[in-house]
Amino acid sequence: MTTEHAQSATPMTPSSYIEHHLGFNAQSVGDTSFWTLHVDTLAMSVILGVLVMGFVWWIARGATSGVPTKRQAFVELVFGFVDDQVKNIFHGDRHSFIAPTALTVFLWVFAMNAMDFLPVDIFAALMHALGFEHWRAVPTSDINTTFALALAVWFLMIFFSIKAKGLGGWIHELFCAPFGSNPLVWPANFLFNLIEYVSKPLSHSLRLFGNMYAGEIIFLLLGMWAATGLAGTVFGAILAAGWSIFHILIVALQAFIFMMLTVVYLAMAHESH
Amino acid sequence: MNINFTLVAQAIAFAVLIWFTVKFVWPPLLSAIETRQKEIADGLAAAQEGKSALEVAAKKSEATLNEAKLKASEIIGQAEKRAAQLVEEAKTNAKVEGDRIITGAKAEIEQEVNRAKEGLRAQVSELAIAGAEKILRKEIDAKAHSEMLATLAAEL
């Protein structure tokens, strides 16, 4: 828990410390503020995605139907876990799309969440030494990541809904479910569905974002104990260790919840009322 | 909380990852696991089949054994019967042979006796003739009375 790198610049206050840690490595790629790219978020998530899915791909390529190696057994364990969850929720041909998607979501989000375990200040110091002033390690504590995933799922949801029921069926459902097909309740139905369609991606993405963001903030707050001297450093380190251990649960749980919601939304899209 | 172009980039990354998993990761793992499941199921079915086959074979062997036992006892019974029959036959044969030998012996004895009788008769007649000759030498001419003496000898 060192704060050296920040001290070298200007006299540090708690808010400047946190602000510095929560700053993105933002690169402008256009005129307006929308055309900004968080290079750290993108690089971390792509590297993690390639590492995790590359590992699974490597195992899958050499997968044997005979006696599996320990690596393969581990991958099959995860595979079976995800497949069982999907099987319980979605009763269709899950192998063609939904189950692999669930596996991708689970492993990728888990890996991105797990970046929270990197010691904030040591990692920041390392990236500072490499010449990056700002570098956020946890892609899922960037709202852009969680929204990107949730919106992708949202579009898939609408796509599967239309694919399963046809465009007419989908529009019919927008107006005629859940209260019935009486024209008098059409507005109520539409409003209901609208709220549902808006709330799904919001709750989907904000739940993950909130958990990971809060986790990061707490690590930063605990890291600030180091500013109060040796006793504070030890105390902060013990608390941070405790929070890390508890965070293992949150990291795994949030990845699992995100995957489950993905599967539930996609499964619901296949069901007609 | 600033939504920006990162969202689009992340969505593209997500789409690529999903495509990659759907195309390259999921199918080989699925096929490996399903093949193994099938192999295990087949193995268990084969084991079950073998078990029932063993049971059938055990039953069959027991039945065969019983049949063999039955046949053996039957054969032994038959053999005993045959042996008894053979002994009986041998006895009968021996008896018949014995009788035949006895009959033969009896006939021979009779023949012997007859021969002895003939001999004796001839000797007695010779003796009688000799005696008579001695008596009659003085009184009877042998030539005149030979016919009468022959008749006498035949009668003896």
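Reader: How do you know that helix H7 (residues 143-176) and helix H9 (residues 230-270) of chain A are packed against each other?

Author: In this predicted model, the axes of H7(A) and H9(A) come within 7 Å and cross at roughly 20°.

Reader: Why are H7(A) and H9(A) called roughly parallel?

Author: Angles under 35 degrees count as roughly parallel. The crossing angle is roughly 20°, and therefore H7(A) is roughly parallel to H9(A). The crossing itself is right-handed.

Reader: Which residues make the contact between H7(A) and H9(A)?

Author: From H7(A) come A:Val153, A:Leu156, A:Met157, A:Phe160, A:Ser161 and A:Ala164, and these meet A:Thr262, A:Tyr265, A:Leu266, A:Ala269 and A:His270 of H9(A). By class, 8 of the residues in this contact are nonpolar and 3 are polar, with no charged residues.

Reader: What makes up the largest nonpolar core?

Author: The core has 63 residues, and A:Ala102, A:Phe106, A:Leu107, A:Trp108 and A:Val109 touch the most other members. Elements giving two or more residues include H7 and H9 of chain A as well as helix H1 (6-139) of chain B. The largest share, 12 residues, belongs to helix H5(A).

Reader: How do you know what A:Phe106 touches beyond its neighbours within four places in sequence?

Author: Residues are in contact if their C-beta atoms, placed from the backbone, lie within 7 Å. With those neighbours left aside, A:Phe106 is in contact with A:Val82, A:Ala255, A:Phe256 and A:Met259.

Reader: What makes up the side of chain B that touches chain A?

Author: In chain B, 28 residues are in contact with 40 residues of chain A. That side of chain B has 21 nonpolar, 5 polar and 2 charged residues.

Note on methods. Residues are numbered from 1 along each chain as its sequence is written. Chains are lettered from A and ligands numbered from 1 in the order in which they are written. This is a predicted model: local features need pLDDT of at least 70, side-chain atom pairs count only at pLDDT 80 or more; totals for chains, interfaces and linings use all residues. Two residues are in contact if their C-beta atoms, placed from the backbone, lie within 7 Å. Ala, Val, Leu, Ile, Met, Phe, Trp, Tyr, Cys and Pro count as nonpolar, Asp, Glu, Lys and Arg as charged, and the others, Gly among them, as polar. Axes are lines fitted to C-alpha atoms, for helices over the stretch in contact, and angles run from 0 to 180 degrees between N-to-C directions. Helices (H or I, at least four residues) and strands (E, at least two) are DSSP runs, numbered from the N terminus. Angles under 35 degrees count as roughly parallel, over 145 as roughly antiparallel, 65 to 115 as roughly perpendicular and the rest as oblique. A crossing is left-handed if the near helix is turned anticlockwise from the far one by less than a right angle, and right-handed if clockwise. A nonpolar core is a set of buried Ala, Val, Leu, Ile, Met, Phe, Trp, Tyr and Cys residues joined through C-beta atoms within 7 Å. A residue is buried if 20 or more other C-beta atoms lie within 10 Å of its own, exposed if 12 or fewer, and partly exposed in between; C-beta atoms are placed from the backbone.
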